[in-house]
Amino acid sequence: MASQPYTQKPVTDIFTSTDTDINRRECRRTVPMRVLALGLGRTGTASLRTALKELGFDDCYHMMSASVENPPDCLMWSDALAAKYDGQGTFGREQWDQLFGHCQAICDWPCVAFAKELIEAYPEAKVLVTTRDVDSWHASTMKTVHWRATEPELQLVAKFDWAASMYQPMLSKFWTSFWEGDFEKNGKRRFKEYYEEIRSLVPAENLLEYKMGEGWKPLCEFLDVPVPEGKKFPRTNDTDGFVDRCRRRNRMQMLNVLFRATVVSGSFAAIVYGATLSFRRFFGSRSRA
């Protein structure tokens, strides 16, 4: 599959005006990579992202970085997935620095699909994983990310919307490849295999296994930063909030599509009307002559 070219955000995308439009293929590293948080999504990664930024590890890459903050990131993720799972092209330190050279930390999926590659690319970074009970994790993921990755509405929106056209194919490719074609069947097994792989890649003394609810202390001690005074550990991205945000995102993107269609059809009508007037004037003047 050929690498999808970058295209600029349509000026008519007024309902998702906070989406940025940065072509990461033209970027370079500007800050050091300091933390690889390689726990699977739905283990508290959104809360961890907020916590890491609070501790000064800014920015921290997360799926939200590609899905809603800067959708063109999905183009590079698609390149990375094609290189890893299909043997198409290469994706190494240079490309990682382009994709998240503005970040001092990374977490969540699709980063986790490249745990080994990222550990090798950034040997100086500290590695931690968030984790939780596998059964509760699987149930939560079925209701959220699995639903999103297989959602017919998103597939429809992706046929017309600029951002969704990059995000949905990337998410689908990642979800299918990482879970070996069937998350519902393979999810729990792959969960256990994944964490065992991380333990085999990182010496125990250099790895923090962290569960939500443990607070600031173990995280700050591992990262060698002070505990924030008087601040509660963040808690974000619960199941209900996830689904509501995704559905709202779909609606806003379809409004972009409808607005673009209205503008284009209105412009076309104006062009036809103008051409008709010019045609009548031209032939009217010729007939009088």
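## A walk through the predicted model

Arg42 sits in the loop between β1 and α1. In this predicted model, Arg42 has a phi near 75 degrees, a positive value in a residue other than glycine. With a relative accessibility of 10%, Arg42 counts as buried, because the cut-off for that label is under 20%. You will find Glu180 in the loop between α9 and α10 (183–201), where it is partly exposed with a relative accessible area of 46%.

Now let's turn to the sheet. Five strands make up an open sheet, running in the order β2-β3-β1-β4-β5 with parallel pairing. β2 (60–61) and β5 are at the edges and have a single partner strand each, so one side of each lacks a neighbour in the sheet. For β2, the pairing with strand β3 (residues 105–106) is parallel and rests on two bridges. Cys60 has Ala105 in β3 as its bridge partner.

Asp58 and Asp59 are joined by a cis peptide bond, with omega about -5 degrees, and Asp59 belongs to the loop between α1 and β2. The side chain of Asp59 also meets that of Arg49 in a salt bridge (3.7 Å, N to O). Since Arg49 is in helix α1 and Asp59 in the loop between α1 and β2, the pair ties together parts that are 10 residues apart in sequence. Both Arg49 and Asp59 are buried. Another cis peptide bond links Trp109 and Pro110, with omega about 5 degrees; Pro110 is in the loop between β3 and α5 (115–121).

What about the other salt bridges? The count comes to 20. One of them pairs Lys173 with Asp86, whose closest N and O atoms are 3.0 Å apart. This pair links distant parts of the chain, with Lys173 in helix α9 and Asp86 in helix α3 (residues 73–86), 87 residues apart. Lys173 is partly exposed at 29% relative accessible area, and Asp86 is partly exposed at 37%. Asp135 and Lys188 form another salt bridge, with the closest N and O atoms 2.9 Å apart. Asp135 lies in helix α6 (residues 134–143) and Lys188 in helix α10, so parts 53 residues apart in sequence are tied together.

Which residues touch the most other members of the largest nonpolar core? Among its 61 residues, they are Leu38, Trp77, Trp96 and Phe100. Helix α9 (residues 162–178) gives this core its largest share, 10 residues. A second, separate core has 20 residues, including Leu48, Cys107, Phe222 and Phe233.

Phe222 leads us to our last stop, helix α11 (residues 216–223), where Trp216, Leu219, Cys220, Phe222 and Leu223 are buried. These residues are on the same side of α11 because they cover an arc of only 160 degrees around the axis. An α-helix has 3.6 residues a turn, so residues three or four places apart point the same way. On the other side of α11, Lys217 and Glu221 are exposed. The cover over the buried residues of α11 includes β1 (35–37), α1 (45–54), β4 (126–130) and β5 (207–210). Just past the end of α11, Asp224 adopts a positive phi of about 60 degrees.

Note on methods. Residues numbered from 1 in each chain as written. Predicted model: local features only at pLDDT ≥ 70, side-chain atom pairs only at ≥ 80, totals over all residues. Heavy atoms only, no water. Buried < 20%, exposed > 50% of the residue type's maximum accessible area, 1.4 Å probe, protein only. Helix = DSSP H or I, 4+ residues; strand = E, 2+ residues; numbered from the N terminus. Arc of directions from axis to C-beta. Contact = heavy atoms within 4.5 Å. Core = buried A, V, L, I, M, F, W, Y, C linked by side-chain atoms within 4.5 Å. Pairing = 2+ DSSP bridges. Salt bridge = Lys/Arg side-chain N within 4 Å of Asp/Glu carboxyl O.
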